[in-house]
Amino acid sequence: MATYLSAVIITLNEANNIADCISSLSFCDEIIVVDSGSTDTTTELAFKLGAKVINQSWLGYGQQKQFAVEQATNNWVLCLDADERISPELAKEIQDFMQEPNAAACQMPRCNRFMGRWLRHGEGYPDMSLRLFDRQQAFWSEDSVHEKVICNAPIKSLQNDILHYSQETLHQYIEKQNKYTSIQADILTKNNKNISSTKLIMSPLIRFIKFYLVRQGFRDGVPGLVHICIGCFNSFIKYAKVRALK
């Protein structure tokens, strides 16, 4: 007998994305949208499409997602961001898995669209993401940024993709990265991490070698080059911000 599955999405002003996101989750038994104060039509659209809408003030990424998981009727949950879609192939793979789950959680590749191109190499892919799990055996971390699902039980890897349809401009993407690096720098500073000049230099260099050369990010053309250069700058500026804060 198949196990029932709830899908959960956290939102804030996602009117441009929410309909396609919910449509890609039509195979789920329940869809829950936890909204943190949208001023557009996000909640109205979600409700019209059959989702259960819950309002919750922003708690931070990890805590907001864990709150959403706890609102589900079913123990098995699938977590998605509003600008993501479950590909038809992944939907079928998840449905097959849910017929008789043989692991506590599943991770799956996440394919990112950046500057008009799907990134298939470097740090943009496969970007394995644990999104499907039994909430009795796994949970979201409380991290303010770069949150992750913590699971100490067996995890299965699925083959098909979550599709990340980010509609951000390059300007918006860089602004978001600036916010993330500031949050990370604050955390490192509070944890009294010491950042050497060597780390400032070597961290972005190692990242470039690993993702652009070893994992062949160069095969994604100019978008792949821009993506890794921003990633390397993030590595540098995160640690530079720690030094500045100290």
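Is Met115 buried, exposed or partly exposed? The points below take up this residue first and then move to other parts of the predicted model.

1. Met115 has a relative accessibility of 45% and therefore counts as partly exposed, since that class lies between the 20% and 50% limits. The residue sits in the loop between strand S7 (110–114) and S8. Its phi is positive, about 55°, although Met115 is not a glycine. Most residues other than glycine have a negative phi. The backbone here deserves a look in the viewer.

2. Gln216 is another residue other than glycine with a positive phi, in this case near 60°. Gln216 is placed in the loop between helix H6 (197–214) and helix H7 (221–245). With 29% relative accessibility, Gln216 counts as partly exposed.

3. The peptide bond from Tyr125 to Pro126 is cis, and its omega is near 10°. Most peptide bonds are trans. Pro126 belongs to the loop between strand S8 (117–118) and strand S9 (129–134).

4. Glu123 lies in that loop between S8 and S9 as well. The side chain of Glu123 forms a salt bridge with that of Arg207, at 3.0 Å from N to O. Because Arg207 is in helix H6, the pair ties together parts that are 84 residues apart in sequence. Glu123 counts as buried, at 19% relative accessibility, while Arg207 counts as partly exposed, at 25%. The limit for buried is under 20%.

5. The salt bridges come to nine by count. One of them joins the side chains of Lys65 and Glu147, at 2.7 Å from N to O. Lys65 lies in helix H3 (residues 61–70) and Glu147 in the loop between strand S10 (138–140) and strand S11 (149–151), so the pair connects parts that are 82 residues apart in sequence. Both Lys65 and Glu147 are buried.

6. Arg110 and Glu84 also meet through their side chains in a salt bridge, at 2.6 Å from N to O. This pair links distant parts of the chain, with Arg110 in strand S7 and Glu84 in strand S5 (residues 84–86), 26 residues apart. Arg110 is buried, with a relative accessible area of 13%. Glu84 is buried too, at 0% relative accessibility. Salt bridges link Glu84 and Arg110 in a network with Asp127 and Arg131.

7. Ile201 is one of the residues that make a nonpolar surface patch of about 740 Å².

8. Helix H5 (residues 170–190) and H7 have axes that come within 8 Å of each other and cross at roughly 35°. The crossing of H5 past H7 is right-handed. On the H5 side, the residues that meet H7 include Leu170, Tyr173, Ile174, Gln177, Asn178, Thr181 and Leu188. Among their counterparts in H7 are Val226, His227, Ile230, Asn234, Ile237, Tyr239, Val242 and Leu245. The contact list also includes Asp186 in H5, and Lys238 and Lys241 in H7.

Terms used:
Residues numbered from 1 in each chain as written. Predicted model: local features only at pLDDT ≥ 70, side-chain atom pairs only at ≥ 80, totals over all residues. Heavy atoms only, no water. Helix = DSSP H or I, 4+ residues; strand = E, 2+ residues; numbered from the N terminus. Buried < 20%, exposed > 50% of the residue type's maximum accessible area, 1.4 Å probe, protein only. Patch = residues over 30% accessible without salt bridge, like charges linked within 9 Å, V, L, I, M, F, W, Y side chains within 5 Å. Areas by Shrake-Rupley, 256 points an atom, 1.4 Å probe, with all protein chains shown as cover. Salt bridge = Lys/Arg side-chain N within 4 Å of Asp/Glu carboxyl O. Axes fitted to C-alpha atoms, helices over the stretch in contact; angles between N-to-C directions. Left-handed = near helix turned anticlockwise from the far one by under 90°. Contact = heavy atoms within 4.5 Å.
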